[in-house]
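Subject: Structure handover

Hello,

Here is the structure for you to look over. My notes follow below it.

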Amino acid sequence: RMFHDDELEESEKFYVGQPRVLLLIYALYNTLVARSEMVCYFVIILNHMISASMITLVLPILIFLWAMLSVPRPSKRFWMTAIVYTEVAIVIKYFFQFGFFPWNKHVDYTKDKPYHPPNIIGIEKKEGYVHYDLVQLLALFFHRSILKCHGLWDEDEKGDSSSNKEDTDDELSLTGGRRDSSASLKSVNLAASVESIHVHFPEQQTAIRRKSSSSISQLSHRSSFSSHRSKRGKCYIFKNINHATLSLYFLQCKLCVIKSHCGLCCFRTLQVYVPIRQFFYNLIHPDYSAVTDVYVLMFLADTVDFIIIVFGFWAFGKHSAAADITSSLSEDQVPEAFLVMVLIQFGTMVVDRALYLKKTVMGKVIFQVILVFGIHFWMFFILPGVTERKFSQNTVAQLWYFVKCVYFGLSAYQIRCGYPTRVLGNFLTKSYNYVNLFLFQGFRLVPFLTELRAVMDWVWTDTTLSLSSWICVEDIYAHIFILKCWRESEKRYPQPRGQKKKKVVKYGMGGMIIVLLICIVWFPLLFMSLIKSVAGITNKPLDVSITITLGGYQPIFTMSAQQNQLKSLDPNEFNEFLRSYRGNTAALQFLEGYAREDITRADLEGNSNSLWTISPPSRNKMIQGLLDFDADFTLVISWTIQRTLEEVYPYYIKAPSDSLAKPIKQLLRGMSPDDGKQSMWENITVSLVKNTSEEWWVLNQLEKRQKTPHESLELFIFSDKVSPPSLGFLAGYGIMGLYASVVLVIGKFVREFFSGISHSIMFEELPNVDRILKLCTDIFLVRETGELELEEDLYAKLIFLYRSPETMIKWTREKT
């Protein structure tokens, strides 16, 4: 065998024979080595999420706007910048840990203040202030060792030295008198090319002699190849700029450097601006482009952020840590933080879709820069002031920022590789299987998502079709894709002719549909029954008040029971309570729905808590009414029930989930002498007590379970369980509301599925849809290539096909 090595073969056998756990460790280490730069990015972002300071803010921005945009990989200069910056940050943090600084004397008071200057800068005194910085430095050194092992650490310098050697003939030496005033300006080359100006900044200061008089003529020739030689920030090309103007400007800058300090500052600024401009210019106009498409992953990252906002909106607002989006929306209140975050997130998704359809890398670069600076400024400088808590204490905001960092990384990868030349169809329609089928149908069920996508695609795609025609093509394509998935499934699982359906199919599919329909029909009853018995929450009363008024006069009795006066029954009292109704079937049936913790006994003081203030004429009139035994005298109770004084007190009251409390008719003590029906009222005595010029009423219940020597009233409250807050939006409708809003609506869609099938047979029963599917994809293809006239012809052909049943039959026949 060629290249056979016994040692390598023995080594391979040795590693294969190792335990699986050890092999997994080897694989994880190899993955770590292969993606060591991603480990560095992750640690830097994690450090910034935890520290959330200006010191740690610099490196994440450099990652998204420099490292991840570098082709083919970040340069040595970036890694050296990250290492040196981390070391300096560690030293600065260590220096400011000493206690003699004034802000370190009240650390406990200022540690949670988001706008405290040391907290913003990152120099506050705290435990473990450099733990993550040391881990970050360790990760950077690990990546540097990996690059050195593979010979990738010094490749930039080698490329630079060779470039410098080739360009020595292109440089003009400076005279001795000029060196003192222009130490930073090494050489300026004003080439004679009309298209570009070649400016070279060597790193080392050397005095170079002019080689020959012919070097000037060589510069013009070499300037056309300068873009191929300048790879590492040494040569810079300014294209599409007026040559005369820029040449004059450089000459003026050169003279200003010699004569004035202002010119030196101007030229130093130019030294910073030119590499940055050239970096982004090469990024937007690359020599080679590895086209890729990660829009789907970016869209998923944005969707995850959108979900985080919906379910954690309280983390982005002030005084809303205990808020609930369902309760807020049910009260017709839209939180400002929720609204702003949703609009911003949705707006960025729309802009991203527009850039993807227009395939503009320049727009994507600008959008990336704006987002990176905007998100970091808002998350670490604005949001802490809005929420009044530090970013490091906001877990939901940290999660949102981490997902947004994943989006930034994907965006940088998309910019670096370039947009695809063609965008054809939905990413879910690339395969014809059950997974893509159900995902695509779920995508179409999201309200307004399909319509919004179709309109955006029409706006930002060059086409000659009108909006209605565009939507028509999209609908036909979606319908044909679904049919194609079903036809492919029929080919994978064919059904022989003349054979009845298998029981697995009949009972599997049919049984599932039967169970589903039955559950939909009886869902409200089952839900309302289980929501309170299984997931119900005991709703004990906090206050029980009794108000009694005689004949419409001033209330004679007002009393409330709270806190210690509201008592739960112990097990013995509850068992005794049940035994007292052993022979009463109606009462026992009622008590089946209540547990011991649902019953509360309220002990109300017999003496009214307010004086009886009534005018003398009204007092005399009421006395006359009480002495007249032939006339009925009414008694008004707080729940608007009017009875005579006998059998008037409701001993048992049911407190349902709504606000209306009702007496319990099933729990009775005697029979009413009038109608023979069960009565729930108890007798009470009412007496007026006078004390000098003051008087008040005293009420006493004659028969009580808890015997007390003083005048008092006893009341039993049966509290219905209430639904949990998370399910209140369903339980609040009640049984009839659920039937009207859930069952009837779902029933309408089910009825549409089972009826009207005859009208769609011509478009549903298509044996072979490959030709129609190809026609739709051809429309997408010619649109992307700019053949707009051909797009109109193919669209007319598609419409004619759906208008002609005979042609449709010919086009959808099985291939022979």
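Let me begin with one residue. Phe346 sits in helix α17, residues 336-358. Helices here are DSSP runs of H or I with at least four residues, strands are E runs of at least two, and both are numbered from the N terminus. Phe346 has 40% relative accessibility, so it counts as partly exposed. The cut-offs are these: buried is under 20% relative accessible area, exposed is over 50%, and partly exposed is in between, with a 1.4 Å probe and protein chains only. Thr303 is 43 residues from Phe346 in sequence, yet the C-alpha to C-alpha distance is 9.3 Å.

Some ground rules. This is a predicted model, in which local features need pLDDT of at least 70 and side-chain atom pairs count only at pLDDT 80 or more, while totals for chains, interfaces and linings use all residues. Residues are numbered from 1 along each chain as its sequence is written, and side-chain values use heavy atoms, with hydrogens and water left out.

Overall picture

The protein has 32 helices and 17 strands. Of its 816 residues, 39% are buried. Take the contacts (heavy atoms within 4.5 Å) with a separation of 6 or more: 73% of them are between residues 24 or more positions apart.

Nonpolar cores

A nonpolar core is a set of buried Ala, Val, Leu, Ile, Met, Phe, Trp, Tyr and Cys residues joined through side-chain atoms within 4.5 Å. The largest one holds 68 residues, and Phe316 and Met379 touch the most other members. Helix α19 (residues 395-417) gives the most to this core, 11 residues. Where does this core lie? Domain 1 (6-150) and domain 2 (294-423) both give residues to it, so it lies between them. The domain bounds come from an automatic or database domain assignment. A second, separate core has 24 residues, including Val544, Leu550, Met559 and Leu715.

Ser411 is also in α19. It is buried, at 0% relative accessibility. Leaving out residues up to four places away in sequence, Ser411 touches Met298, Lys364 and Gln368.

The α4/α5 pair

Two packed helices are described by the angle between their axes and the distance between the axes. Helix α4 (residues 54-67) packs on helix α5 (residues 76-95) at about 175 degrees, and their axes are 10 Å apart. That makes the two roughly antiparallel. Angles over 145 degrees get that label, under 35 is roughly parallel, 65 to 115 is roughly perpendicular, and the rest are oblique. The axes are lines fitted to C-alpha atoms, for helices over the stretch in contact, and the angles run from 0 to 180 degrees between N-to-C directions.

On the α4 side, the contact includes Met54, Leu59 and Trp66; on the α5 side, Phe78, Tyr85 and Ile92 are among the residues met. By class, this contact has 13 nonpolar, 3 polar and 2 charged residues. Here Ala, Val, Leu, Ile, Met, Phe, Trp, Tyr, Cys and Pro count as nonpolar, Asp, Glu, Lys and Arg as charged, and the others, Gly among them, as polar.

Backbone points to check

- Val71 and Pro72 are joined by a cis peptide bond, with omega about 0 degrees. Pro72 is in the loop between α4 and α5.
- Ala52 has a positive phi, near 50 degrees, and is not a glycine. It lies in the loop between α3 (36-51) and α4, and is buried at 16% relative accessible area.
- Lys359 also has a positive phi without being glycine, near 55 degrees. Its place is the loop between α17 and α18 (361-387). Lys359 is partly exposed, at 25% relative accessible area.

Best wishes
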